[in-house]
Amino acid sequence: MTVETLDRVADAARYEVISGGYDDALFAAAAVPPAGRVLDIGCGYGATSRRAARLAARGSVLGNDIVEPLLAQARAFAEEEGLGNVAFEAGDAQTHPFPRGEFDVAISRFGMMFFRDPVAAFGNVRRALKAEGRLVFTTVGPPDGNDLPGIVAAAMPPAPAGGPPSDVHSLSDPDRIAAVLGAAGFAAVRSEPVETSVVLGPDAEAAASFLLAWGAFGGALDEAAAGRARAALTDAARPFETPGGVRLRGTAWLVTAV
């Protein structure tokens, strides 16, 4: 499978298997107002943007991501749902020219971990918020509470030199989160643990197939590389087989700030 042949509708569903278990906690904390203006950072295929748009029925939502093909599918999903109050813009949230003082709340579901300069990025988001605006996001929790990164690492090719950061645990320490957000101008920073479980399939072989098909796994692999990756993923998933399928622990920090 190549990037060009990726079934993006199916891939969007895979993202929801991986991350959707945190949504209820995220939106409970966000408390999106019915007439609110919402900024969704790293929105991907737009599931969180569309949920925010349904909550802000008299307001509006702007979804931001750096990957335009994901946003194209996000727009298609929103159109299918008849959501006229959500828009999507491509851009790096660290430098993107968001309108200043525009948004009541900025949200993100695992879209805040990969900035080259996180203080600058959060500062840019802060400037997009109203004076009383709020920030609510999830970020990957401690490594010992998350099984998926270890499984993926068993087969993920090394990141290219000079490429974007790849450490999903870059904001997995509440002290670092507080320091970064404080330096970016936020106050009342709070990090609370939230947990879920992720079921990748009925057995290790199915889990390997799921991850190989997942767009976030790393793009196209040739036949030989895909075979090696499948074997490595199957072996890594085997210890997590249960009568209810391959079940992984997931822990995130739910971060709020003003």
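The structure, a predicted model, holds 13 salt bridges, counted wherever a side-chain nitrogen of Lys or Arg sits within 4 Å of a carboxyl oxygen of Asp or Glu. One of them pairs Asp-24 with Arg-51, with the closest N and O atoms 3.0 Å apart. Asp-24 belongs to helix H2 (residues 23–30) and Arg-51 to helix H3 (residues 47–55), so this pair ties together parts that are 27 residues apart in sequence; helices here are DSSP runs of H or I, at least four residues, and strands are E runs of at least two, numbered from the N terminus. Asp-24 is exposed at 55% relative accessibility, while Arg-51 is partly exposed at 25% (buried is under 20% relative accessible area, exposed over 50%, partly exposed in between, with a 1.4 Å probe and protein chains only).

Turning to a loop, His-169 lies between helix H6 (148–153) and helix H7 (174–183). Beyond its neighbours within four places in sequence, His-169 is in contact (heavy atoms within 4.5 Å) with Val-140, Gly-141, Pro-142, Pro-143 and Pro-149.

As for confidence, the average pLDDT (the predictor's per-residue confidence, from 0 to 100) is 92, and 93% of the residues score at least 70. Residues 160–165 stay under 50.

Residues are numbered from 1 along each chain as its sequence is written. Local features need pLDDT of at least 70 and side-chain atom pairs 80 or more, while totals for chains, interfaces and linings use all residues, and side-chain values use heavy atoms, without hydrogens or water.
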